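Please open the structure in a viewer and keep the selection tool at hand.

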Amino acid sequence: MLAVTDLRCEYKVNPLGIDVMRPRLSWKIKSDLRGVIQTAYHVQVSRNDNTFTDIVWDSGKINTDQSIHIEYKGSTLKSRTRYYYRVKIWDNKGNVSDWSEPAFWEMGLLNVSEWKADFITPDFGVESQDSEACPMLRKTFKVNGKVKSARIYATSLGLYELYLNEARVGDLLFTPGWTSYNKRLQYQTYDITPMLSNGENTIGIILGNGWYKGNLAWEGSKNIFGDKLAALLQMHITYEDGKEEVIVTDKDWKASTGPILMSEIYHGEIYDARLEKEGWCTNDFDDSKWHGVKVLDKPKNILVAQVNEPVRKIEEIKPVAIIATPSGETVLDMGQNMVGWLRFTVEGKSGTVVTIKHAEVLDKEGNFYTKNLRKAKQTIQYILKGRGQEVFEPHFTFQGFRFAKVEGYPGKLSLDNFTGVVIHSDMEQTGSFKCSDELVNQLQHNILWGQKGNFLDVPTDCPQRDERLGWTGDAQVFIRTACFNMNTALFFTKWLRDLKADQLDNGGVPYVIPNILNENSHSASAWGDAATICPWTIYLCYGDKKILEEQYESMKSWVEYIRNQGPDEYLWNTGFHFGDWLALDSKEGSYIGATSKEYIATAFYAYSTSLVVKAAKILGKEEDAKKYEELYFRILEAFRKEFVTPNGRIASPTQTAHVLALMFDLLEEKDRERAIKTLVEYLEENNYHLNTGFVGTPYLCPVLSRYGYNDIAYKLLLQKDYPSWLYQITKGATTIWEHWDGIKEDGSFWSEDMNSFNHYAYGSIGEWLYRVVAGIDTDEEKPGYKHIYISPQPDRSLSFAEASLKSMYGEIKSAWTWKEDNMELIVSIPPNTTATVKLPYAKFDEVKENGKAACEAEGISSCEETDSGVKLELGSGSYMFSYPVYKA
């Protein structure tokens, strides 16, 4: 049996409204045989026809094993046109599949001249300029005939919700997303065909401040991108008789305010249900007292189709307890630090005010605690209309919280009346990890929930206080872990386009993307290096060469920025740097660790340069590859001269300094043994506890495992006292903390001003859990897991560990169990890939696969005994290896 499944276009299933002129197609292969490799494919693409009678591209039989990122090579694609595609494949076993089920993509508006709509903004007059109420826009129009298809293309300055005949259009939240608005503004496409009625219809839009106009950052800035909310909407109706009609935002729309008196991302929402305009988006509504609108002069050449997965409601959780605090507060405990909001049901008298405040933790006395939110209010106020049971959830705000303080709720509070709505970018969850230690399993849970809470259209540092910004340093240290947990390819593709858009003319990279800070807030080492590390990681994990093509000039410009910074072009010893942020070896009163900032800066300079070299070679830019390779070796030479003594001693005596030198291969071969031994000595002196910060922590355990100290890496992982990953779990953490001791042993807090309890940076240990403990990795020469490495490094401290990863080719699994002196390893390799499997502590002649000699098993092409065990080369399929452990 051979079949083609899970067809994707630009990573998506049946995407609407894309603007990629050469979209890439991918598919997975289903087979019940081992060792299956695709040998050829045949793709057909048909315009507006799933019977394939109007072919616009027929690839013919192409002899290749490529099954991901196949670029469309047919005739020029047209706006607002749907294209169906199907795939047939051949394999190395002589099998030919049937045609796959058809899939499709649909193009959006491809030329700026096709936008006939205007940006419109409410014309409320001077008296309403300072109002925080959310505007409502509406228009009634006629449908004249039987509709074949209808689409809306929409965006806004600010956030928008879209309604048609009183029904919400789509399930997308926080549209149009957060981009560098003055350079890139995304629009969304909606299929509204079944929502239209013959005759009159009414379209409605509600606008919110969002990131465009609302409060951003800790200084209370507003109107960063603009001071007027506006909507842009274009509806295309195609009738069965072939006629077309276009409805647009123009001067004929009406505007009013309604029940949403304030809705801010940081501060929450005030909603007065008594002010609801019932039926406001229906044909019979009287809008004679509504205001007009003004056309806003805004260029449309910044419009781009949405790239990334939208934010949606992903799951719901119920509160686990109602707490009466010592100070008399009534508090709901959700049991999980989450991001989103509470939906609640209430019944009471008109004018009754229900107030809900949100917090991550209780203080050590058990009282509601919000000081770490700084200026963010995270408060919902709902004013009842008093007509029976009312259900409410907010619109243009989200909260980061586990605890919710409820005030003014009429009647008895019941858990049944409250539901936590969890929202984040709707990325596919691709990874899982578990082991025999329940605290480590909770750690993985916390890492995943930290990603859920902070991957809300941009990779934010935290989701609760007056910040919630796309910090580059946090994103780059966590990205590889993120790529295991979820498919983040489109999420980071979109964010990196904004990084490139916001990059300075001299190549500098702002601290946060999109950039909303002052002109001097840019280009710190390990933060700006997101420009090189993030695209490289996406390429590795998804085999996506296009991300390197798109970001190459940005990558190169970043390295050139560093090169031009100081008197020595091979050292980076100028400018501001965050250093090893929040490391525990910092001076009293400082957030910056003890490792020399110039040391860290030059180390990342070398690393980023090495990634530019790799990207240049992959893209066939041989001159650049040669140029930057020479630069890289000169940086290495300067680094060693400046920071390493002739006898191999690293000048900065910290854990992080030694970790970076070993991780980035900055030392001569002869000096590496001394460096790793010194690192181990530092850990021993600290009773096997880390003191690393944001820069050193992600690489600490990988370096120890790589250089033969895997047991110490496990020891660090499994420490339960401060400082350690598991310490916070013993304190009740359900997400990753910003500080190792966000809550101290005595229950007091690290600080009031900067103490997030949902901050994913230290969750970067997840990469080590997947890549080392479970042993799943990709071959850099065949990225995207086309060739897979399964190389687990078990330790007796765990009796089993297992992980899975849904790659572009299918699911990869690695699960080992240590039973007394016997090891069992279960492996799954998807079709059209191969794998190198390393069995630790194994002897060649004692390895069995499903009870038979492994070297004779189908699908295994070679067996080799090494110093550390047995190495196997195998094809796709599921395997179960077992053998006695000969050393450990």
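What follows is a sequence of selections, each with a description of what is found there.

**Before starting**

This is a predicted model, in which local features need pLDDT of at least 70 and side-chain atom pairs count only at pLDDT 80 or more, while totals for chains, interfaces and linings use all residues. Residues are numbered from 1 along each chain as its sequence is written, and side-chain values use heavy atoms, with hydrogens and water left out.

Helices (H or I, at least four residues) and strands (E, at least two) are DSSP runs, numbered from the N terminus.

**Stop 1: the nonpolar cores**

Select Phe433, Trp495, Leu704, Trp768, Val837, Leu839 and Phe881. These residues have the most contacts inside the largest nonpolar core, which has 232 residues. A nonpolar core is a set of buried Ala, Val, Leu, Ile, Met, Phe, Trp, Tyr and Cys residues joined through side-chain atoms within 4.5 Å; buried means under 20% relative accessible area, exposed over 50%, and partly exposed in between (1.4 Å probe, protein chains only). Helix H7 (residues 597-618) gives the most to this core, with twelve residues.

Now centre on Trp768. Neighbours within four places in sequence aside, Trp768 is in contact (heavy atoms within 4.5 Å) with Cys701, Pro702, Ser705, Asn710, Ala713, Tyr714, Leu717 and Val773. Another core lies apart from the largest one; this core of 30 residues includes Ile152, Tyr160, Leu172 and Tyr239.

**Stop 2: helix H11**

Select residues 697-706, which form helix H11. How many of its ten residues are buried? Nine of them are, and the helix is mostly covered. Among the buried residues are Tyr699, Leu700, Cys701 and Leu704. Just after H11, Gly708 takes a positive phi of about 95 degrees.

**Stop 3: the seven-stranded sheet**

Next, display the open sheet of seven strands with the order E32-E37-E38-E39-E45-E41-E42 and antiparallel pairing. Two strands pair if DSSP finds at least two bridges between them. Strand E32 (431-435) and strand E42 (852-853) stand at the edges with a single partner strand each, so one side of each is left without a neighbour in the sheet.

Within this sheet, select strand E37 (residues 800-806) and strand E38 (residues 811-819), which run antiparallel and are joined by seven bridges. Ala803 has Ser814 in E38 as its bridge partner. Helix H14 packs on the sheet and touches E32, E37 and E38. The direction of H14 makes about 75 degrees with that of E32; axes are lines fitted to C-alpha atoms, for helices over the stretch in contact, and angles run from 0 to 180 degrees between N-to-C directions.

**Stop 4: the four-stranded sheet**

Move to the open sheet of four strands, with the order E4-E3-E6-E7 and antiparallel pairing. Its edges are strand E4 (55-58) and strand E7 (103-106); each has a single partner strand, so one side of each is left without a neighbour in the sheet. Neighbouring strands here are turned by 25 degrees against each other on average, direction ignored. Strand E3 (residues 38-47) pairs with E4 in the antiparallel sense over three bridges, and Val45 has Trp57 in E4 as its bridge partner.

**Stop 5: charged pairs**

The structure holds 60 salt bridges, a salt bridge being a side-chain nitrogen of Lys or Arg within 4 Å of a carboxyl oxygen of Asp or Glu.

- Select Lys405 and Glu329: their closest N and O atoms are 3.8 Å apart in a salt bridge. Lys405 is in strand E30 (residues 399-407), and Glu329, 76 residues apart from it, is in the loop between strand E23 (321-324) and strand E24 (330-346). Both Lys405 and Glu329 are buried.
- Select Glu752 and Lys371, which form a salt bridge with the closest N and O atoms 3.5 Å apart. The pair ties together parts that are 381 residues apart in sequence.
- Select Asp461 and Arg465, whose side chains meet in a salt bridge (3.9 Å, N to O). Both Asp461 and Arg465 are buried, and they belong to a network of salt bridges that also links Arg374, Asp466, Glu467 and Glu738.

**Stop 6: two loop residues**

Thr325 lies in the loop between E23 and E24 and is buried, with a relative accessible area of 6%. The C-alpha atoms of Thr325 and Lys405 are separated by 9.9 Å.

Finally, select Glu309, in the loop between strand E21 (303-305) and strand E22 (311-317). Glu309 is buried yet has no salt bridge. Which side chain of opposite charge is nearest to Glu309? That side chain is Lys12, 6.6 Å away; Lys and Arg count as positive and Asp and Glu as negative, while His and the chain ends are not counted.
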